[in-house]
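User: I would like to learn how to read the features of a protein model one by one. May we begin with the general idea each time and then turn to the case at hand?

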Amino acid sequence: MAVMTPPPTLDQEEDMMSVPNSEFADLEEEDETKYFDLEDDVINVDQEDDMMLVQDSECTECPPQPMAMKVVPAEEAVSTKEPVEEDPPSSLKYTWKIENFSTLNTKKHYSDVFTIGTYQWHVVIFPKGNNGNHISMFLSVAGIDSLPYGWSRCAEFSLAIVDQINNNSIVIKGTQQFTAQQSDWGYPKFMPLSELNDPGKGYLVDDTCIVEAEVKIMADFLSYDSRKATGYVGLENQGATCYMNSLLQTLYHIPFFRKAVYHMPTTENDLESGSSIPLALQTLFYNLQYSKDSVETKELTKSFGWNTSESFMQHDVQELNRVLCEKLEDKMKGTNVEGTIQHLFEGHHMNYIECINVDYKSTRKESFYDIQLDVKGCQDVYASFDKYVEVERLEGDNKYHADEQHGLQDAKKGVLFTDFPPVLQLQLKRYEYDIMQDTMVKINDRYEFPLQFDLDREDHKYLSPDADKSVRNLYTLHAVLVHSGGGHRGHYYSFIRPTVSEQWFKFNDEWVTKEDINRVLEEQYGGVARYSNAYMLVYIREGDRDDIFCSVEEKDIAEHLRIRLKKEQEEKEHKKKEKAEAHLYTTIKVARDEDLLKQIGRDMYFDLVDHDKVLSFRIKKQMPFNQFKEEVAKEFGVPVQFQRFWLWIKHPDETYRPYRPLTLKEETQPIEKLREFSNKLAANRVWNYQDLKLFLEIELGPELHPITPPCYNIKEDILLFFKLYDAEKEEIRYVGRLIVKGSGKPLEILKKLNDMAGFSPDDEIELYEELEFKPTAVCKHIDKKLTFHASRLENGDIIFFQKSASADSIYCYPDVPCFLKYVRNRQVVHFRSLEKPVEDEFCLELSKVLSYDDVTEGVARYLGLDDRTKIRLTLHDCHSQQPQHQAIRYQGVGNLYQMLTHNGQKSDTLYYEVLDIPLPELESLRTLKVAFRHSTTNETVLHSITLRKQSTVGDLINDLKMKTKVELSHPDAELRLLDVDYHKIWKNYPLSEKIESIAQYVKLRAEEILEEEKNLGPQDRLIHVYHFTKGAYHKEQFFGDPFLFVIHEGETLDVIKLRIQKKLQVPDEEFAKWKFTFPTWCGRPEYLQDSDILSSCFQRYFGYGAPKLYLGLEHSDSSRKRTYAASKGLQIR
C-alpha cells in the first residue's frame, strides 16, 4: 500500500501534457542506438593506439570514450525532431598559421572560424598536451548553441602539422558523424611534444606552427543508401570485425568463388544447427547480392563457433584468410565443388639447396595459398619478389651437409616458383618484432604496387626451370585490403574493383563508396607518418579473368535457400516499412482478469500481471480512444458499453496497480494524448511508460455475458484484488476483484470471499495486505473490524486470504507470510555431473538459505544415497560456462545463495560428484594426475594418485611403483617427477618435497631415470632439452616432448649431437638441418657451433649454480599442418 495524492485527470489538467519530447527522447531511443565502426585512421577504443580518434569531452580530460555514433532511427527523428535541411556536399582546405607558439598559455587554443556549406567549423589544439606528453588536435563544430535540434553532419577530414623543412608532414585522416551533442572529434595523441619541439623536425620554425585541416561534408550516415549510390552494400561491424568484413567482401567479389559457395550442398536441417559454415556463407553472399541494406555477419560468426566476446576481439586479416580457406577446403571435400580453393588460390614453389663443387641437389616442392612479401627494405612488389628468390650461400661455418658421401659442402639455397594461381594473394609483412621494445611494431614504409603486375619479367626470373612457361603470368590488381592504425590495433577496410570496368569501390563496414584510382594506389603506398597502408593485395591473372568473372545468377543458389531468404527479405522489408511508420503508431497493452488468472500462482506470486505477456494493440496515435474500444470489442467480443478501462501506475515500492478508470471525456481524446498524460503521470511517480498500459474491467452476469460495470465513485469506492492461499497444496491463485466502500469493513465481505474461494459461508478466514517482495517478502495482517480507509487501503491494492490456520498446523508453510518468504527464497537448481559438465542431469527446488549440508542432503536423497558427506559440490563459472577448477570445501560456503553467486554474477547451476569416501576425510588427502611415460615404448598413460597432503614426492613415486604398478623396464628402475608444460620442463621435483606444495594446475610427468643419468661425476650436468621452430616474427614456437640429458665436462657439441641423434633416432639427412641453441640473459637464443664446449657456454652465462640449463633443438615440426594452418589466436571450430 502506498499513500499518494490523487493526480488530476486529463480533462482537469491539459497543461500536464506539455512535456518536451526531449525529456523522454533518450529513453525512447535507447534500444535503437546503433554504433558504426569508424573509418581510415579512426580507431575504436577497444583497439586503442597512439593515434586514436575520440570525441573531445573537454577534449578529453577522461580516458577516451568509445568512438561510436549514436544514431536516432528515422521514425523517432520524425516524431521528436524538427526537419533539418541537408547541406549540399562541399569541402574546404583550411590553413592555420600559429605564431609565437611557445608563448601560448591557454590549455585549449582555437583557430578562426571557417565555413563549409552553411555551417561553421574550427580547429582546437592543446598546445601543451591534454594531461599528457602529446599535442592534441580536434576538429570542432562552431556555435553549437545555435544549431537546430537534431542537427547532424558526416565529415571526412584530415588534420596535419606541416613539416616546414623536410616536407614530411604528419597527416591523420578520419570520417565521423558530428552532432550537437558530439561536436568535436580528433586525436588526443596527435604527436609527441618532444617531436614537435625538435628543431630538426621542421614542425616549429621561428616559433611558428602550421596546421592544415581538410574537411569534406559527406552524405549523412542516416540517409546514405549504398545500394542506390554504388550498386553494392556493406557488412555490419559486430564490434571489432572490420578485418573479417574486408576479407569477406574481397572473397564475395571473386564471382567464381561465390558461385562455388552457392553450389556447396546444404539443407534446411543445417539452419537448425546454426553451425553450418557453408549455409551461413551462402546466406551472407545472397544478402550481399540482393539486400538493399547492410548485411549482418552474426550468423556466420555463430557458425564459426564464436561467442559475443570473440566478435569484439580483433584479429589479423591474413590469419583469418588462411584459417577460412583451410576450413572451406575441408567442407568442400566430397562435393561437386571440391578443389575450388586449390584451383583459385594454390600455387607451388620449389625450395632447393644445390652444392657448388659436387653434383648434389636437394629439392622440396611446397604449395601456398598466399605469398608473404617483405616490405622493409623493399621499394615495391618487384623488389620483394627479387628478395624472395634471392640466392643464399651456405659456406664457411654454415656449410650444407649433403649426405654421407659428400659431407659438408659449399652450396646455394633458394626458392623458385613452379606455378602461380589464378588469384594471387600477396600478404605484405608490415609487422616485425622489435627486440628493444619487446613488442610488435608496424612498418609504415612507402611500398608501391602496380595496377598490372608481370611475373614473367626478365626471362621468367621467378620461375623454376621445369615450370610451364607457356602460361602467361600477367596479373591485374583486384583488391587492396588496408590496415589503418598502429602496432597493436587498428581498422581494416578494402578497395575492390568488382568487375572488369575501371571503377573502384571502398568497402568500409556498412559504407560503400566510389573511389578513384589515386585513392587505391598512391594513398595506400604508406610512407612517413602515414598510418593507413596496404596490408594485403589480391591480383587476378589476365588469362583467367573471363573464368573468374563468371556470371552468378539466382539459379545458382539452392532452391531451399532462395525460398527462405526471399521470405526473410520480405519480412525485413515489412519490418522496415513498419519502422518507417512507427512514429505514427503507439502500443497499448491491455490486461484482463484472464491474464491475472493465467499468471498468478504460475509465472508470478507477487504483484498482478506481467505486461509483456498480455495482448498488445498497435494503434495509430491520433485515433480517438472511443474508436480503439471498437477494436477491443472485435478482439474480445465485449461490446463497447460494457468496457471500463483503468490506468496503471507504478508505486515507489516497484509494484504495479490499476489506479483509476478513464473518464468519459478522456475517452474522446486521441490515444497519443492519453499516452503522454500517462507518461507525465508516471514521471511524477519516478516511472516512465513507453506504452500505454490499461486494465480492462469486464463485469459478467449470471450467464457469464458481459454487463454494465458497477457504479464507481472516485471519492468513496476502492477497487481491490484478491488472491487465495491454500496451505495444504502450497498454492496461490487469483480469485477475483471487488469494488468496496472505503467506509466499509472486511467483515462485510467475508461471505463473498468465501463464495469466491468455494468455502462454506461461515468459514473463518484471515486477510493479509501484500506490501513488498524485494528484498524480502512483506505482508501485513488486516484487522477485519477496521474500515478499509483505516487500514489505508486504496485502488489496486492486493489482499491475500486463507482459511485460519490452527496452532498445531502440520503444514510446512501454514500461513501467507511463511509461504511468501519461502517463495522469495525459492530457487530451482540445475545439477550436472562433474563427469558430464554440459548436460543438466536433474533439477531440485531448494531454498536459498539452505546450508551446504542441507543441499547435499537433497542431492543424496535424489540419488538414493544414504551418506550425504560423499557428495561433493563444485561452483559454476559464469564466464567460462564450465565448473570452477576447485570444488567447494566441506561446509566452506554459508548457504545456497552464496554457492550460486560468483564474482557478482548469479547462476542456477551446481556440479556434483559421488565420492568413494566422505568429503571431510577426502579433504585431508591430495589427488594428483600424473602422466607416466614408458622408457622404451614412449607410450604415456595418465594416472590419478591420492595420498595424504603431508606425503612427499617420494611417497607418490612409491605409490606409482607399488600400488599403481606402472610398467617398468626392470624391477629396480628409479623414477623421477617432472613439471612439463608447453613443451618444456620447468622443474625436476626432489623426493623430499611435500605434494601439498605442488600447484593444482601443474602438469606432472613421471619417467624412469636412465642408467647414464645415475652416479653423475662432479662436473657432469643434467640439462633440459626442448624442440622449437621459428614462427611468425622469428618467435620461438615450442613443440614435441622435452627431455633431460647428461652433458659431460669438456664435451663438444658435435659429440653431444651424435648422442642426441642416437637417442631420438633421427635420420642423417634430416638431422643435418637441425640447429642447436642455448638461451642468454636477454632471452634470445644463441646458436652453437660443433666445436663449442657446451659446459663452458652454460658456465659463461649462468654458472654451475643455475637451477635450469636449457638446450634448444631448432628444426621443423613434422607433425604440423601446412604453413597456412591456424594459429592459436584465431580458430574456426
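**Cysteines and burial**

Analyst: The sulfur of Cys779 lies 9.1 Å from the closest cysteine sulfur, that of Cys818, which is too far for a bond. This is a predicted model, in which local features need pLDDT of at least 70 and side-chain atom pairs count only at pLDDT 80 or more, while totals for chains, interfaces and linings use all residues. Residues are numbered from 1 along each chain as its sequence is written, and side-chain values use heavy atoms, with hydrogens and water left out.

User: How many disulfides does a search of the whole structure find?

Analyst: A disulfide is a covalent bond between the sulfur atoms of two cysteines; here the test is a pair of cysteine sulfur atoms within 2.5 Å. The search of the whole structure finds zero disulfides.

User: Is Cys779 buried or exposed?

Analyst: A residue is buried under 20% relative accessible area, exposed over 50% and partly exposed in between, using a 1.4 Å probe and protein chains only. Cys779 has a relative accessible area of 17%, so this residue is buried. Across the protein chain of 1133 residues, 51% count as buried.

User: How many helices and strands does the protein chain have?

Analyst: Helices (H or I, at least four residues) and strands (E, at least two) are DSSP runs, numbered from the N terminus. The protein chain has 28 helices and 56 strands.

User: Which residues of α5 are buried?

Analyst: They are Cys242, Tyr243, Met244, Asn245, Ser246, Leu247, Leu248, Gln249, Thr250, Leu251 and Tyr252. Because 11 of the 11 residues of α5 are buried, this helix is largely enclosed by the rest of the structure.

User: What is the lining of the second largest cavity by class?

Analyst: Ala, Val, Leu, Ile, Met, Phe, Trp, Tyr, Cys and Pro count as nonpolar, Asp, Glu, Lys and Arg as charged, and the others, Gly among them, as polar. The lining of the second largest cavity has four nonpolar, four polar and one charged residues.

User: Which residues of the largest nonpolar core touch the most other members?

Analyst: In soluble globular proteins, nonpolar side chains tend to be buried together. A nonpolar core is a set of buried Ala, Val, Leu, Ile, Met, Phe, Trp, Tyr and Cys residues joined through side-chain atoms within 4.5 Å. The largest one has 59 residues, of which Phe257, Phe285 and Phe345 touch the most other members. Helix α8 (residues 277-290) gives the most to this core, with eight residues.

User: What does Phe285 touch?

Analyst: Contact means heavy atoms within 4.5 Å. Not counting residues up to four places away in sequence, Phe285 touches Leu248, Leu251, Tyr252, Phe257, Arg258, Val261 and Tyr262.

User: Where is Asn287 found, and with which residues is Asn287 in contact?

Analyst: Asn287 is found in helix α8 and, at 15% relative accessibility, counts as buried. Beyond neighbours within four places in sequence, Asn287 is in contact with Arg227, Val233, Val295 and Gln569. The C-alpha atoms of Asn287 and Lys566 are separated by 9.6 Å, although these residues are 279 apart along the chain.

User: Where does Val638 lie?

Analyst: Val638 lies in the loop between α18 (625-636) and β29 (644-650) and counts as buried at 5% relative accessibility. Apart from residues up to four places away in sequence, Val638 touches Ala633, Gln643, Ile698 and Pro706. From Val638 to His705 there are 67 residues in sequence and 8.8 Å in space, C-alpha to C-alpha.

User: Is Arg792 buried or partly exposed?

Analyst: Arg792 counts as partly exposed, at 48% relative accessibility. This residue lies in the loop between β37 (778-781) and β38 (798-803), and has a positive phi of about 60° although it is not a glycine.
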